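Trainee: Can you walk me through this one? I'd like to start with the overall layout and then pick at details.

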Amino acid sequence: MPKPATSRTRELIFGDLWEYDPAPETADPKLKSRYDLFINGKFTAPKSGQTFDTINPANEAKLAEIAVAGADDVDRAYKAADKAFTSTWSKLPGIERGKYIYRIARLLQDRAREFAVAETLDGGKPIKESRDFDVPMAAAHFFYHAGWADKLDYIAPGRRVQPLGVVGQVIPWNFPLLMMAWKIAPALAMGNTVVIKPAETTSITALKMGEIFQEAGLPPGVVNIVTGAGETGAAVVNHPLAKKIAFTGSTEVGKVIMKALAGTDKKLTLELGGKAANIIFDDAPLDQAVEGIVNGIFFNQGHVCCAGSRLLVQESIADEVLARLKRRIAVLRVGDPMDKNTDIGAINSREQLAKITRLVASGVKEGAEIHQPACKLPAKGFYFKPTVFSGVSMSHRIAREEIFGPVLSILTFRTVEEAIEKANNTAFGLSAGVWTDKGSRILKMSTELKAGVVWANTYNKFDPTSPFGGYKESGFGREGGRQGLLDYGQLVG
Ligand code: NAP
Ligand code: MG
């Protein structure tokens with residue numbers, strides 16, 4: 001029997017011996033040097049004639065030029081979507097709509113590796129995440145909603161449901177392809193048509209989906225993709241033909257959109273920011289809990305709305321948990337997102353890196369204790385070390401503001417009541433995690449935590465059948481499941 005490793009020997013083994021050879025993913029992402037707008041089933045140059053560059057945040061190299069959609073282009077997209085809605089899509093029987101959505105899912109699966117590489121190059125997330133999470137989960141959303149398209153008569157017993165018309169959708173950069181699938185699949189299953197705007201830094205996989213819509217033979221105008229920055233997003237949100245706006249992004253922009261839509265009859269759903277608490281009790285299985293905490297905050301560089309960015313740990317085990325976390329982050333592999341062994345890839349943009357750096361500096365200034373591993377970061381590109389703060393109090397900015405980076409703030413508690421109070425003491429309410437051996441405590445916590453999703457003894461688990469969405473400043477409306485689909489329709493009769 002080998003002797004169990006003490007924490008000292010474990011540090012030595014991991015720190016000194018575990019160097020991996022590079023293992024780069026080599027699939028061809030089949031990128032074009034220029035991407036035009038996708039309107040009425042065709043790639044078309046913008047009226048403005050303007051383009052912007054999209055870069056690889058891992059090395060700052062230019063990947064492609066992307067068209068900027070001005071108000072005229074957004075208008076063209078809405079007119080195409082409106083025509084497609086009235087002339088074809090809303091008239092098709094559900095079973096026919098379902099076939100198209102199913103075909104989209106299959107084609108995405110066929111090109112999964114290509115899409116995973118494109119997603120990683122454009123956004124900076126590790127290839128193992130885009131390959132094992134983003135792309136399969138995006139396909140799963142299309143499959144799930146394909147199944148619903150011919151069963152809408154059963155979605156609300158005793159009632160009939162109808163599509164709304166043209167839906168305007170605006171999405172962020174943290175899960176570009178997955179957020180697109182979350183938005184488009186239910187909209188199409190319900191019989192709506194779509195104008196969607198991806199985020200400026202991550203438009204490539206959205207535009208590659210345009211190729212898939214063409215391959216699937218989707219009728220022209222059913223999905224239109226307009227690219228550009230915030231101004232293009234505002235044009236999408238404010239277009240008079242939009243019957244519903246579905247937005248995922250920051251609480252700040254969500255508030256602007258809510259004001260802009262006040263007094264109109266457009267339906268609105270907002271999926272906004274978060275500051276989730278991951279709560280760990282002294283009876284929790286610590287090895288699993290530490291893995292869950294690490295996954296909860298360092299997954300996708302912490303660019304996750306539901307990231308477990310606050311760790312509430314019961315006082316009696318606080319030192320032990322901190323020691324284990326420090327050992328764990330010392331062996332996380334930070335660097336080239338295209339390497340299959342990378343755990344933490346590139347921060348999505350220079351602006352986001354600056355924001356993370358600013359908030360981390362505020363944590364140090366306000367007196368929290370910072371813990372970072374000694375890892376080396378690549379010289380080019382945008383990177384941030386996995387960071388843990390201990391000695392954090394509720395008044396610190398790092399305990400209140402969404403950092404959207406690989407930064408964990410640890411707070412302590414003594415009783416269940418104190419844990420609930422601290423977890424709920426936030427403007428947000430998207431998600432939470434509970435780690436304990438006691439089933440009754442899990443039930444109590446999941447009832448009293450004001451969060452759209454509460455994970456128990458796990459974290460960041462997703463399924464297309466399960467509705468996802470927020471409380472308070474994390475927004476309203478749900479995505480996924482029957483509830484998410486109903487948000488794309490109106491009940492009649
Ligand atoms: P963001 O700045 O709000 O941007 C989101 C989208 O809105 C982007 O496409 C953006 O375009 C566009 N936009 C900017 N200004 C606009 C305006 N005035 N009108 C209409 N659209 C506008 O958010 P982000 O920084 O990309 O994304 C991070 C945020 O998303 C975080 O707060 C995160 O928590 C949240 N998020 C929430 C969920 C959820 O399900 N609740 C999921 C993922 C992310 P540009 O990018 O081109 O500026
Ligand atoms: Mg990019």
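Trainee: What should I know about the model and the numbering?

Mentor: It is a predicted model, so to speak: local features need pLDDT of at least 70, side-chain atom pairs count only at pLDDT 80 or more, and totals for chains, interfaces and linings use all residues. Residues are numbered from 1 along each chain as its sequence is written, chains are lettered from A and ligands numbered from 1 in the order in which they are written, and side-chain values use heavy atoms, with hydrogens and water left out.

Trainee: How is the chain divided?

Mentor: Into domain 1 (34–272 + 471–492) and domain 2 (277–456). The bounds come from an automatic or database domain assignment. The C-alpha centres of the two domains lie 30 Å apart.

Trainee: How many residues of each domain are in contact?

Mentor: 30 residues of domain 1 are in contact with 35 residues of domain 2. Contact means heavy atoms within 4.5 Å.

Trainee: And what area do they bury?

Mentor: About 2,700 Å² between them, 57% of it on carbon and sulfur atoms. Buried area is the accessible area (1.4 Å probe) that two parts lose on being put together, summed over both. On the domain 1 side, Glu60, Trp173 and Tyr471 supply 21% of the area buried against domain 2, more than any other three residues.

Trainee: How many salt bridges are there between the domains?

Mentor: Two salt bridges are counted between domain 1 and domain 2. The rule is a side-chain nitrogen of Lys or Arg within 4 Å of a carboxyl oxygen of Asp or Glu.

Trainee: What does glutamate 60 form a salt bridge with?

Mentor: With arginine 350; the closest N and O atoms are 2.9 Å apart.

Trainee: How many residue pairs are in polar contact across the interface?

Mentor: The rule finds 18, both residues at pLDDT 80 or more. A polar contact is a pair of N or O atoms within 3.5 Å; within protein, one must be able to donate a hydrogen and the other to accept it, and residues adjacent in sequence count only if both atoms are side-chain atoms. Helix 4 (112–123) and helix 5 (127–148) are the elements that give two or more residues to the side of domain 1 that touches domain 2. Helices (H or I, at least four residues) and strands (E, at least two) are DSSP runs, numbered from the N terminus.

Trainee: Is glutamine 352 buried or exposed?

Mentor: Buried, with a relative accessible area of 9%. Buried means under 20%, exposed over 50%, partly exposed in between (1.4 Å probe, protein chains only). Glutamine 352 is in helix 12 (residues 350–365). Beyond four places in sequence, glutamine 352 is in contact with Trp173, His303, Ile347, Ile403 and Phe404.

Trainee: New topic. Which residues of helix 8 are buried?

Mentor: In helix 8 (residues 230–238), they are Thr232, Gly233, Val236 and Val237. Down the helix axis they fall within an arc of 140°, so they line one face. The arc is that of the directions from the axis to the C-beta atoms.

Trainee: What do they pack against?

Mentor: Helix 2 (71–87), strand 7 (166–170), strand 8 (193–197), strand 10 (242–248) and helix 9 (251–261).
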